[in-house]
Amino acid sequence: MSTDRQVESLFIYIEKDRMVKGETEINQGRVTLPANTRTEDRFAGRRVVTIGGGSGTFSLLSHLKKHPFKITAIVTMSDSGGSSRMLMDEFRRQLPLGDLRMSLVALARNGALWREVFMHRFERPGDSDDEQNNRGVAGHSLGNLILKGLQDINNGELLLALEDAQELLDTAGSVLPVTLAQTTICADLEDGTTVCGETDIDTRGEKHPGSLSAIVRLRMEPEDVPGCAQAVRAIRRADTIIIGPGDLYTSLIPNLLVCDIARAVRESEAEKVYISNLMTKHGETDGYKASDFVNEIHRYLGGRVDRVIVNGGPFQADLLKTYAGKRSEPVAADRTHLARIVPNVVIGHLNLEDDSLARHDPERLVQAIFAHDNF
């Protein structure tokens, strides 16, 4: 079977130039390219920029590095929990390091040992929150401590610390913070109240399983922070910009609240791709359809993406039951509305099967992103 046909069979629906086409059969299997394919050649040197954070970005970067792209991962700096929070409290003006570390590990080529070193987390002595028990390295990620040490060696320069970490890990690309300024994200709710801090916004649904007031506006304090100059430069030079996958209000939109970043994406000539979430999230995106996610990206970007990737694959009944218990459900692919707001819509079987969590199949996802290039 030719590469073109393999890619065509992957997708239920590809919508271009605002024209809706009929459905095709879902390909339930994973697509594998022939061993003698030459598609790698056409991607050699292509500049790909990812914008996001969290586990979704980690998975995507882990598979993008298998191809000869020039990758730059631009990472949200709104993390306010875990080891990052402890370092910020202990050293005060310390920027959060968690998502930077995760992206570095995702792009690492220097063997499993270094990846395990950067991912290792020291255990806490029991569940006590007593200050005496939480001193030292307890609860810290070793990778975060290494980054902090490299930053100290470089006289506090985070970008130089990241360069050294990239050399240690032999990364398949660069990792950059969206801003070098200290920021906090705040969510203004429909009932007039406000929740501040990435962790509090992210865990609001877990802590309150009942009905919650909807988010009407996400903002950053301070509002006018400069974007990292190297990140802006990477966006301007990109061939493809990928937003997501990741939590809409805590991993993706915080990057677009940095005005320099949003402006650079709007003005870039690169193809702009948004990857929609697989599931809604209680307390953030209750009842959202795919078009609702896209509309929020457009709202904070101040412009339009060129392509949206939406899952159309089925989930196991037990997984759906588990997520329903958390008041989460699969994001509906409302193709008619999507076709009105995005020139190119791809809906396909993009989720992993036989998994206890709803996650993208990274191989299918990469193929969906570059489907028009006969990946």
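Predicted model: local features only at pLDDT ≥ 70, side-chain atom pairs only at ≥ 80, totals over all residues.
View A. Lys70 itself is partly exposed, with a relative accessible area of 47%.

**View B. A helix under cover.** Have a look at helix 5, residues 98–107, where ten of ten residues are buried. Among them are Gly98, Asp99, Arg101 and Leu107.

View C. Side chains of opposite charge can pair when their charged atoms come close. Here Asp170 and Arg109 meet in a salt bridge, at 3.2 Å from N to O. The two residues are 61 residues apart: Asp170 lies in the loop between helix 8 and strand 4, and Arg109 in the loop between helix 5 and helix 6. Asp170 is partly exposed at 35% relative accessibility, and Arg109 is partly exposed at 49%.

**View D. A network of charges.** Salt bridges link Asp188, Arg217, Arg219, Glu221 and Glu223 in a network. In the pair Glu221 and Arg219, the closest N and O atoms are 2.6 Å apart. Glu221 is partly exposed, at 37%, while Arg219 is buried, at 16%.

**View E. A buried pair.** Asp361 and Arg364 form a salt bridge, with their closest N and O atoms 3.8 Å apart. Asp361 counts as buried because its relative accessibility is 0%, and Arg364 is buried too, at 2%.

Notes: Residues numbered from 1 in each chain as written. Heavy atoms only, no water. Buried < 20%, exposed > 50% of the residue type's maximum accessible area, 1.4 Å probe, protein only. Helix = DSSP H or I, 4+ residues; strand = E, 2+ residues; numbered from the N terminus. Salt bridge = Lys/Arg side-chain N within 4 Å of Asp/Glu carboxyl O.
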